[in-house]
Each structure stands twice: as C-alpha cells, then as structure tokens.
Amino acid sequence: MSDLPKSMRALVLTGPGKTLEVQEMPLPKPGPGQVLVQVAASPINPSDLAMLRGEYGLRWPYPLVPGLEGSGQVVADGGGMLARFMRGKRVSLAAEGQGLWAEYAAVSAKRVVPLLAGTPLGIAACSFVNPLTAIALVGEVRRAGQWAAVSTASGGALGGMIRRRAKEKGVKLINIVRKAEQVETLRAEGARYVLDETAADFDADLAALCKELRCRMAFDAVGGQMTYRLAEALRSESDILVYGGLAGKAAALNPGTLIFKQARVRGFWLSKWLSRKTAPEMIWLTRQVAQGLQGGFAETRIAQVVPLDEASAAPAAYEQAMSAGKTLIAPGSFDLGVAT
C-alpha cells in the first residue's frame with residue numbers, strides 16, 4: 001500500500017439527522033481476508049435515508065460514513081486466497097462497518113463481486129440492495145405456492161425491478177403507485193394491474209383485484225395506513241412482508257382482520273435474508289444479478305451523478321424525487337459509463 005494516500009475524503013454523519021460533512025480521515029487498512037476498494041460510485045437508497053435518520057438496523061458507531069452499496073476497483077488486500085484473487089478487479093460491493101460515501105473502503109472479500117466485462121461502474125454500483133431485494137421478494141411468492149402479489153411504491157427503481165422480476169417468474173403483480181400520473185407511465189411499460197392509492201375507489205378496486213387473482217401476499221415499502229389497507233384487501237390467510245417505511249408512521253392494523261382473516265405481517269430485511277444463504281446460493285444470486293444488470297430485470301435508471309464534495313444535500317434532493325431514478329455519489333474520477 002506504499003503508493004496509496006495516507007488519508008481520504010468522506011461524507012461523515014456525526015449523529016442522527018445531522019448535516020453530512022465532507023471530512024478528511026485516515027485511509028482504512030484491510031485486515032486478513034479483506035480488500036481495499038477505491039470507490040467509483042455509491043447510490044442513495046431509502047435504506048440510506050433511514051440510516052441518516054438513525055432508524056436503520058445496522059448500529060454503526062458515530063461518526064459514521066453512510067452508503068450501503070457501491071462499485072469500484074480493488075487496490076490492495078490484507079491477505080488470504082480470496083482477497084488476493086480480487087486484487088486489481090473492478091467490483092460491486094456491500095459496505096461493512098463503515099459506508100461507501102468515501103474515496104476508499106475496506107470490506108471482507110466475501111462482500112465484493114467481480115464485474116462481468118463491459119458492465120458500467122455506474123450501473124454496477126446498484127448491484128446489491130435493489131436487485132437482491134427483488135429476487136428475494138418474488139422468490140417468497142413462489143415459495144408460498146402463490147402466483148400473485150401486491151407491490152406498494154411501484155413507481156420507484158426497486159418497484160420496477162420487482163415488476164420485471166415478477167414477469168420473468170410468471171408472477172402477476174398488482175402495482176400501487178402514489179401519484180396519478182404514474183399509472184399511465186407503468187401501463188405504457190406493460191404493467192397490467194396498476195392502482196393509484198390516492199384514488200377514491202382505490203380500496204374497492206384493490207380488494208376486487210385481490211379476489212380476482214386470489215392474491216394472498218403483499219410487499220409493503222410504505223407502512224402506516226397502507227399496511228391496514230393491504231390487510232383489508234388481501235384474501236384470507238395472507239402474508240404482508242414489510243420491507244420499508246416510506247410513510248414515516250407505524251404500520252396500522254385491524255385486530256379483527258388479524259384474527260378472523262388470519263392475516264400475517266412480518267418484516268423483511270435483506271441483510272438477515274442474505275446471512276442465511278450458503279456459498280452456492282450466493283454464487284447463484286450474484287450470477288442472477290450480473291445477468292439482470294445487462295438489460296434484464298436489474299437494469300437501473302441513473303438520474304444524476306453528484307461529486308463527493310457537492311453531495312451533502314443530495315440525500316434530501318433524492319428523497320423528493322425517488323421515481324426519477326437513482327442518484328449516484330461519485331468520490332473519484334472513474335468513468336461510470338452512464339448517461340444522465
């Protein structure tokens with residue numbers, strides 16, 4: 001590591017809800033089995049917004065560097081067969097201990113995936129959170145022996161991936177959007193069942209579709225009253241997988257619905273889901289994502305690329321326009337290969 005700098009720039013969060021600040025900090029050193037990655041890009045995801053508010057399940061100590069996934073190039077390793085194998089490779093990666101809104105990050109070699117030739121670094125930065133969540137949720141439908149599901153917040157990037165993955169696997173999806181104008185947008189993309197949650201007849205239409213499609217499962221990224229509305233509309237013995245809290249409110253439920261319809265509500269957290277996967281299963285998952293990035297279900301629209309020095313306000317701007325596409329934070333001068 002003698003040719004590497006002694007320090008790096010990073011976006012730092014000193015406490016929940018605090019303003020992000022660009023700070024100079026020591027260059028991390030990879031330990032045994034770890035690699036040092038020069039970060040090319042890292043997206044802003046809803047999970048990152050939750051971390052900024054202090055509401056995410058990972059309890060990293062403050063001050064912390066946010067950014068849960070990204071892409072870059074392995075520039076050093078701390079020893080070990082897998083770590084040495086990764087050296088010099090362009091990779092996508094998941095954060096470990098500290099995040100990726102920084103020029104460099106040290107992570108376990110098991111948390112990096114070499115990129116297929118021709119994969120742009122900008123697209124590869126979005127390889128973990130959204131694609132794997134889409135694979136996991138649609139897989140839950142099939143494991144339950146179902147052929148239909150309701151998906152909330154369908155207008156965003158993850159909603160699009162869930163929609164495309166469901167189509168690949170033959171799962172019928174009832175898409176819920178939060179703005180009237182998104183209905184025609186999704187229908188133009190080929191979505192058959194699209195409902196606007198602000199419409200006066202939304203609840204009746206959702207219940208009718210759930211009855212028609214015998215739908216007993218929903219993916220809830222919203223929480224609040226949406227959880228209540230889903231439980232009321234779904235068929236008996238339904239499952240609601242809550243994986244987000246965009247409403248910013250506690251999930252609401254009718255006790256009678258839980259009792260008499262035998263509805264089940266459970267949380268889904270990608271980190272826990274991945275922790276239960278075996279090595280062969282992880283290889284299969286990474287191959288699915290790699291294929292999906294190349295024009296498949298995991299194709300991602302990039303709305304803008306923001307340099308690290310200008311990124312303090314980027315999360316707030318992204319939160320106001322999530323459906324426009326991903327915002328990438330770019331700590332360096334890599335060619336990301338994306339048009340915005």
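The exercises below concern a predicted model.

**Exercise 1.** Describe how helices α4 and α5 pack, and list the residues that make the contact.

Solution. 
- Step 1. Two packed helices are described by the angle between their axes and the distance between the axes.
- Step 2. For α4 (residues 129-143) and α5 (residues 157-168), the axes come within 9 Å and the crossing angle is roughly 45 degrees.
- Step 3. This angle makes α4 oblique to α5.
- Step 4. The crossing of α4 past α5 is right-handed.
- Step 5. On the α4 side the contact is made by Asn-130, Pro-131, Thr-133, Ala-134, Ile-135, Leu-137 and Val-138. On the α5 side it is made by Ala-157, Leu-158, Met-161, Ile-162, Arg-165 and Ala-166.
- Step 6. Sorted by class, the contact of α4 with α5 has 10 nonpolar, 2 polar and 1 charged residues.
- Step 7. Ile-135 and Arg-165, both part of this contact, are also among the residues that Gln-288 touches.

**Exercise 2.** Repeat the analysis for helices α7 and α8.

Solution. 
- Step 1. The axes of α7 (residues 202-212) and α8 (residues 225-233) come within 8 Å and cross at roughly 45 degrees.
- Step 2. The two helices, α7 and α8, are therefore oblique to each other.
- Step 3. α7 passes α8 with right-handed crossing geometry.
- Step 4. Phe-202, Asp-203, Leu-206, Ala-207 and Cys-210 of α7 meet Met-226, Arg-229, Leu-230 and Ala-233 of α8.
- Step 5. By class, this contact of α7 with α8 has 7 nonpolar, no polar and 2 charged residues.

**Exercise 3.** Locate Ser-108, classify its burial, and name the residues it touches.

Solution. 
- Step 1. Ser-108 lies in strand β6, residues 104-108.
- Step 2. With a relative accessibility of 15%, Ser-108 counts as buried.
- Step 3. Apart from residues up to four places away in sequence, Ser-108 touches Gly-33, Gln-34 and Glu-96.

Terms used:
Residues numbered from 1 in each chain as written. Predicted model: local features only at pLDDT ≥ 70, side-chain atom pairs only at ≥ 80, totals over all residues. Heavy atoms only, no water. Axes fitted to C-alpha atoms, helices over the stretch in contact; angles between N-to-C directions. Helix = DSSP H or I, 4+ residues; strand = E, 2+ residues; numbered from the N terminus. Parallel < 35°, antiparallel > 145°, perpendicular 65-115°, else oblique. Left-handed = near helix turned anticlockwise from the far one by under 90°. Contact = heavy atoms within 4.5 Å. Nonpolar A, V, L, I, M, F, W, Y, C, P; charged D, E, K, R; others polar. Buried < 20%, exposed > 50% of the residue type's maximum accessible area, 1.4 Å probe, protein only.
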